[in-house]
Structures are given as C-alpha cells and as structure tokens.
Amino acid sequence: MSLEVIDRHSEALFEFLWCPVCGHEVFTHIPFEGVFCKNCNTQVELQESQETRGYEEAVLACFDTHSTWNLHVDEKLRRDLPDGSARVKILGAPGAYDVDWWSPEPGDDWEPVERGEFDDINEPAEISHLA
C-alpha cells in the first residue's frame, strides 16, 4: 500500500511567503502536524481561495501563534498577531505573487512584520542563551 501525495501549492509560494510575526522566510513541514516558521514556530495553514479573479493561484495563508515559541525574545524582534491569528490572500503565479489583502486589516493597532524587517537588529546577549 502506498500513499498518494498531492502538491497543492508550488515551492515558489513558500519562497514568496514570510512570517508576519518575525519576518523570517524559512518554514518547516512537520508531517501530520503542519507547517511552521522555523524561527518562531508560528503555524501557517494554506487554503485555496474561493475566488481567484482569473489568477493562476489564489491562496489564503492563515497564521496562528498558539504554538509560537521564542516569546522571551525582545519585542523588538517580533510583532504579535491580533487575537493570535491573521490571514493574507496571495494572488498570482510562481515568480509573480502579490498580496491582495490582510485580515485583520493592518492599521494603527497592528501591522504585519515585513520580510526581513528585523534582520539588522541583533538579539540582546542576556537572552540569547534561552533560545
């Protein structure tokens, strides 16, 4: 008996995707558990969108921080999601993805971390041993 594996989303989608909590771009798949940000363990679940507006791919990426670690990390190196979760709709095709919208909508109360936003900031030495 063998299992059939269905690749619903291209690798290019994961090359485009980044974590809105810490800004890192590397995700890890743990079989039977899900896909997680390799830096802070924020879980991401991909869903096919009901509406594509003619794009090759339309994907909802749902981020959830219920399993997030590194909570001891200085808040300058992460940004919490409102109520622990956020969704982003991504339209496009491999090599040409674009963010359509975020839910909840970014504003005064919340703004997703941009890709690599915290790359220039170093973790304080007094907490690095806790990671």
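Glu 25 is partly exposed, with 37% relative accessible area. Here buried means under 20% relative accessible area, exposed over 50%, and partly exposed in between (1.4 Å probe, protein chains only). The model is predicted: local features need pLDDT of at least 70, side-chain atom pairs count only at pLDDT 80 or more, and totals for chains, interfaces and linings use all residues. Residues are numbered from 1 along each chain as its sequence is written, and side-chain values use heavy atoms, with hydrogens and water left out.

Glu 25 has a partner. Its side chain meets that of Arg 115 in a salt bridge, at 3.7 Å from N to O. A salt bridge is a side-chain nitrogen of Lys or Arg within 4 Å of a carboxyl oxygen of Asp or Glu. The pair links distant parts of the chain, 90 residues apart. Arg 115 lies in the loop between strand 6 and helix 2 (125–128), and Glu 25 in the loop between helix 1 (11–16) and strand 1 (27–30). Helices (H or I, at least four residues) and strands (E, at least two) are DSSP runs, numbered from the N terminus. Arg 115 is partly exposed too, at 33% relative accessibility.

How many salt bridges are there by this rule? The count is two. Side chains of opposite charge can pair when their charged atoms come close. The other bridge joins the side chains of Arg 79 and Glu 117, at 2.8 Å from N to O. Arg 79 is partly exposed at 24%. Glu 117 is partly exposed at 33%.

Now the overall layout. The protein has two helices and six strands. Along the sequence they follow the pattern α-β-β-β-β-β-β-α. Of the 131 residues, 38% are buried. Contact means heavy atoms within 4.5 Å. Among contacts between residues at least 6 apart in sequence, 56% join residues at least 24 apart. The protein exposes about 8,600 Å², and carbon and sulfur atoms supply 48% of that area. Accessible areas come from the Shrake-Rupley method with a 1.4 Å probe; for residues, only the protein chains shown count as cover.

Rolling a probe the size of a water molecule over the atoms shows where empty space is left. The structure holds one cavity of 30 Å³ or more. On a 1 Å grid over the protein atoms alone, a cavity is a set of points where a 1.4 Å probe fits but cannot get out, and lining residues have an atom within 4 Å of a point. Grid points are joined across faces, edges and corners, and a volume is the space filled by probe spheres set on the points. The largest cavity has about 30 Å³ of space.

Which residues line the largest cavity? They are Phe 16, Leu 17, Trp 18, Phe 63, Val 88, Ile 90, Val 99 and Trp 102. Strand 5 (85–92) and strand 6 (98–103) are the elements that give two or more residues to this lining. By class, the lining has eight nonpolar, no polar and no charged residues. Ala, Val, Leu, Ile, Met, Phe, Trp, Tyr, Cys and Pro count as nonpolar, Asp, Glu, Lys and Arg as charged, and the others, Gly among them, as polar.

Take Val 88 from that lining. Val 88 is in strand 5. It counts as buried because its relative accessibility is 3%. Leaving out residues up to four places away in sequence, Val 88 touches Val 59, Leu 60, Ala 61, Phe 63, Val 99, Trp 101 and Trp 102. The C-alpha atoms of Val 88 and Trp 102 are separated by 4.4 Å, although the two are 14 residues apart along the chain.

The loops deserve a look at the backbone. The peptide bond from Ser 103 to Pro 104 is cis, with omega near 0 degrees. Pro 104 is in the loop between strand 6 and helix 2. Asn 41 has a positive phi of about 70 degrees, although it is not a glycine. Asn 41 lies in the loop between strand 2 and strand 3 and is buried, at 10% relative accessible area. Asp 83, also not a glycine, has a positive phi of about 55 degrees. Asp 83 lies in the loop between strand 4 and strand 5 and is exposed, at 83% relative accessibility.

Definitions and conventions
On a 1 Å grid over the protein atoms alone, a cavity is a set of points where a 1.4 Å probe fits but cannot get out, and a pocket is an open set with protein on both sides within 12 Å along at least five of seven lines; lining residues have an atom within 4 Å of a point.
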